[in-house]
Amino acid sequence: MVGVVIVSHSQKVAEGIREMAMQMSAPEQKIIAAGGMADGGIGTDAFQVSEAIISANTGDGVAVMVDLGSAVLSTETAFEFLDEELRAKVQIADAPILEGAISAVVEASLGSALAAVIATAEGARTLNKM
Amino acid sequence: MSGDLYEVISAVGETIIGNRQMLTDLDAAIGDGDHGINMARGFEAVKAKLQTLETESDIGKVLKTVGMTLISSVGGAAGPLYGTAFLRAAAPSQGKTELDVETIGLMLEAAIAGIKERGKATTGEKTMLDALVPAYEAFQDGAKTGKSVIECLELACEAAKQGVEFTKTIIATKGRASYLGERSRGHQDPGATSSYIMLKALLEHLRR
């Protein structure tokens, strides 16, 4: 099952999104929160992200949700710390972090491959709420 | 590590830490107001980490450690950007305990390439590159005419300073400042500023 990593500048945001996503996920779904700095401050830490990616992978790769621009920078930096095999199976979803995470775990719960999980997460960009 | 290397990095770190408010104020004008705070946090962590590297004389290894530390303690975009820059600069200096003009040129070139790749930016977008690229070009001009490390760095610093001034005249098309569009004009870029003051601290330390 594709794993999901949530990269936010805020630890609380990442954990909160993880909690919400767990409600929609299969029991064996890996959802790893990677938010905030080690001292609890606002920001992103590429090491934390790389460790989260490794934890989230159970063989089918990982979809990464991000909040703002430097979360992308940290995640791309994290990619350099992964071995080539894993690196090839990780992708950032260009999607709203919360809605994308939820869509991603729903797709992942169907046993879908990484490309489909990413596509569904990115579909969240155009979801209407009203 | 050699006293020199430790002192150089400490001098650079101290200048950032000492200028945290100025850098934060610049970033408050056109960004999210955290560049100084983040960079200071990063270099405080570097300071602490350097204590554990007392016996390391391989400049590449030390710079790699600086890069890794910045990556995980700066927090904002400057972490991955400067962190990658230091990691890339570590490669040409791997195994060396002293640096010459040629090696420093290669280090600057690698650092800039890392920032461009990571940030998907180039000059003219109101970023640190607007200080660093002119600095590198000036450094290389000096190198080609046989100037010393310090002379080349003097040229580099002057070019970086002019680059910072240049950033005041353009609109940001990268980072948080890019959200402000036209309103970012007239303001000096925080990243270009921190790059310039780091180069200046390096030069001033070597000149002592």
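The expected span of a helix is 1.5 Å times one less than its number of residues, and helices (H or I, at least four residues) and strands (E, at least two) are DSSP runs, numbered from the N terminus. The views below come from a predicted model, in which local features need pLDDT of at least 70, side-chain atom pairs count only at pLDDT 80 or more, and totals for chains, interfaces and linings use all residues. Residues are numbered from 1 along each chain as its sequence is written, chains are lettered from A and ligands numbered from 1 in the order in which they are written, and side-chain values use heavy atoms, with hydrogens and water left out.

**View 1. Helix H3 of chain B, end to end.** Look along H3(B) for its buried residues (under 20% relative accessible area; exposed is over 50%, partly exposed in between; 1.4 Å probe, protein chains only). Among them are His35(B), Met39(B), Phe43(B), Val46(B) and Leu50(B).

**View 2. Asp39(A) meets Arg41(B).** These two side chains form a salt bridge (a side-chain nitrogen of Lys or Arg within 4 Å of a carboxyl oxygen of Asp or Glu), at 3.8 Å, N to O. Asp39(A) sits in the loop between strand E2 (31–35) and helix H2 (46–56) of chain A, while Arg41(B) belongs to helix H3 (residues 35–50) of chain B, so the pair joins two chains. Asp39(A) is exposed, at 56% relative accessibility.

**View 3. Glu76(A) meets Lys120(B).** Here the salt bridge is 3.0 Å, N to O. Glu76(A) is in helix H3 (residues 69–79) of chain A and Lys120(B) is in the loop between helix H6 (101–119) and helix H7 (129–144) of chain B, so this pair joins two chains. Glu76(A) counts as buried, at 19% relative accessibility, whereas Lys120(B) counts as exposed, at 52%.

View 4. Lys89(A) and Glu85(A) meet in a salt bridge of 4.0 Å, N to O. Lys89(A) is partly exposed at 24%, and Glu85(A) is exposed at 60%. Elsewhere, salt bridges link Glu80(A), Arg88(B), Glu117(B) and Arg118(B) in a network. Over all chains, the structure holds 17 salt bridges.

View 5. Ser50(A) is found in helix H2 of chain A and is buried, with a relative accessible area of 5%. Leaving aside neighbours within four places in sequence, Ser50(A) is in contact (heavy atoms within 4.5 Å) with Ala78(A), Phe81(A) and Leu82(A).
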